[in-house]
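This report describes the fold, helix packing, nonpolar cores and selected residues of one protein model. The sequence and coordinates come first.

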Amino acid sequence: MSEIQQFIEGRLPIIGESVVQTFQMVSISLLFSVLIGLPLGILLILTRPGNALENRAVYMVLNVLVNIVRSIPFIILLFFILPFTKLIVGTSIGIKGAIVPLIVHAAPNIARLMENALLEVDNGVIEAYKSMGIRTRHIIWHVLLREARPSIILGLTIALITLIGGTAMAGLVGAGGLGDLAYRFGHLRYEVDVMYVTVFILIVLVQCLQSIGNRLAAKYKKD
């Protein structure tokens with residue numbers, strides 16, 4: 001039996017399982033991060049000085065909170081909130097143990113990305129709708145989010161790729177996925193072929209996601 005056949009039979013099922021685990025962590029984390037980050041980004045916009053729900057105190061608190069969480073490297077955050085993670089999901093290891101820190105890390109980043117995307121919307125358009133008596137909630141949905149779609153898509157693409165990198169680091173706490181695979185087999189067992197395959201999969205995955213994000217952003221920019 002050739003080395004390639006041995007690798008396919010011995011390691012391919014494990015690699016396939018790791019890819020599935022990575023997708024599980026990324027998809028669940030992205031969903032909850034968007035559910036938290038998007039409203040938070042909108043709130044940051046609305047409470048800014050001069051905007052519809054101007055509130056300097058709320059804006060300052062949210063702004064500082066987002067900056068604090070974003071300033072903590074994920075690998076440190078991962079271990080720092082282990083007690084909180086165990087409190088929420090009952091464990092600090094495995095896929096469940098990785099999802100909580102991934103959300104905590106990604107949600108503030110998405111909020112900031114959403115804020116920046118919404119700030120790109122022409123203020124003249126917003127003022128025109130306000131002058132017609134359109135309610136704030138309708139302006140948010142039909143103007144802000146619609147006009148900022150290309151930037152939002154690119155922002156979410158960046159967040160998605162960042163989450164993939166986070167799942168790789170989460171392998172250090174036995175979270176599973178490609179990071180755990182690379183650590184256990186590529187590093188601890190010195191199986192460089194597994195490491196090469198893992199890196200290749202990550203490169204292809206990131207390139208595909210970035211290409212899809214760019215195409216969608218370009219499509220909505222034309223609309």
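## Basis of the values

This is a predicted model, in which local features need pLDDT of at least 70 and side-chain atom pairs count only at pLDDT 80 or more, while totals for chains, interfaces and linings use all residues. Residues are numbered from 1 along each chain as its sequence is written, and side-chain values use heavy atoms, with hydrogens and water left out.

## Overall fold

The protein has 10 helices and 0 strands; helices (H or I, at least four residues) and strands (E, at least two) are DSSP runs, numbered from the N terminus. The order of elements from the N terminus on is α-α-α-α-α-α-α-α-α-α. Along the principal axes, the C-alpha atoms fill a box of roughly 75 × 40 × 25 Å.

Of the 223 residues, 39% count as buried. Here buried means under 20% relative accessible area, exposed means over 50%, and partly exposed is in between (1.4 Å probe, protein chains only). Among contacts with a separation of 6 or more, 72% are between residues 24 or more positions apart, where contact means heavy atoms within 4.5 Å.

## Packing of α5 with α8

Two packed helices are described by the angle between their axes and the distance between the axes. The axes are lines fitted to C-alpha atoms, for helices over the stretch in contact, and angles run from 0 to 180 degrees between N-to-C directions. Helix α5 (residues 94–119) packs on helix α8 (residues 149–170) at an angle of about 160 degrees, and their axes are 9 Å apart. The two helices are therefore roughly antiparallel. In this scheme, angles under 35 degrees count as roughly parallel, over 145 as roughly antiparallel, 65 to 115 as roughly perpendicular and the rest as oblique.

The crossing of α5 and α8 is right-handed: a crossing is right-handed if the near helix is turned clockwise from the far one by less than a right angle, and left-handed if anticlockwise. On the α5 side the contact includes Ala98, Leu102, His105, Leu113 and Leu118, and on the α8 side it includes Ser151, Ile152, Gly155, Ala159 and Ala170. By class, the residues of the contact of α5 with α8 are 13 nonpolar, 6 polar and no charged. Ala, Val, Leu, Ile, Met, Phe, Trp, Tyr, Cys and Pro count as nonpolar, Asp, Glu, Lys and Arg as charged, and the others, Gly among them, as polar.

## Two further helix pairs

Helix α6 (residues 123–131) and helix α7 (residues 136–147) cross at roughly 150 degrees, with axes that come within 10 Å. They are therefore roughly antiparallel, and the crossing is right-handed. Val125, Ile126, Tyr129 and Lys130 of α6 meet Ile139, Val143 and Leu144 of α7. This contact has 6 nonpolar, no polar and 1 charged residues.

Helix α4 (residues 82–89) crosses α5 at roughly 115 degrees, and the axes come within 9 Å. This crossing is right-handed. The contact joins Phe84, Thr85, Ile88 and Val89 of α4 to Lys96, Gly97, Val100, Pro101 and Val104 of α5. It has 6 nonpolar, 2 polar and 1 charged residues.

## Nonpolar cores

A nonpolar core is a set of buried Ala, Val, Leu, Ile, Met, Phe, Trp, Tyr and Cys residues joined through side-chain atoms within 4.5 Å. The largest has 17 residues, of which Leu118 and Ile152 touch the most other members. Helices α1, α5, α7 and α8 each give two or more residues to this core, and α7 gives the most, with 5 residues.

Beyond its neighbours within four places in sequence, Ile152 is in contact with Met114, Ala117, Leu118 and Leu145. A second, separate core of 10 residues includes Phe74, Leu78, Val173 and Ala175.

## Selected residues

Lys96 lies in α5 and counts as exposed, at 54% relative accessibility. Leaving aside neighbours within four places in sequence, Lys96 is in contact with Val89 and Thr91. Leu113, also found in α5, is partly exposed with a relative accessible area of 23%. With the same exclusion, Leu113 is in contact with Gly155 and Ala159.

Thr47 lies in the loop between α1 (3–46) and α2 (56–70). At 3% relative accessibility, Thr47 counts as buried. Not counting residues up to four places away in sequence, Thr47 touches Leu53, Glu54, Asn55, Arg56, Val58 and Tyr59.
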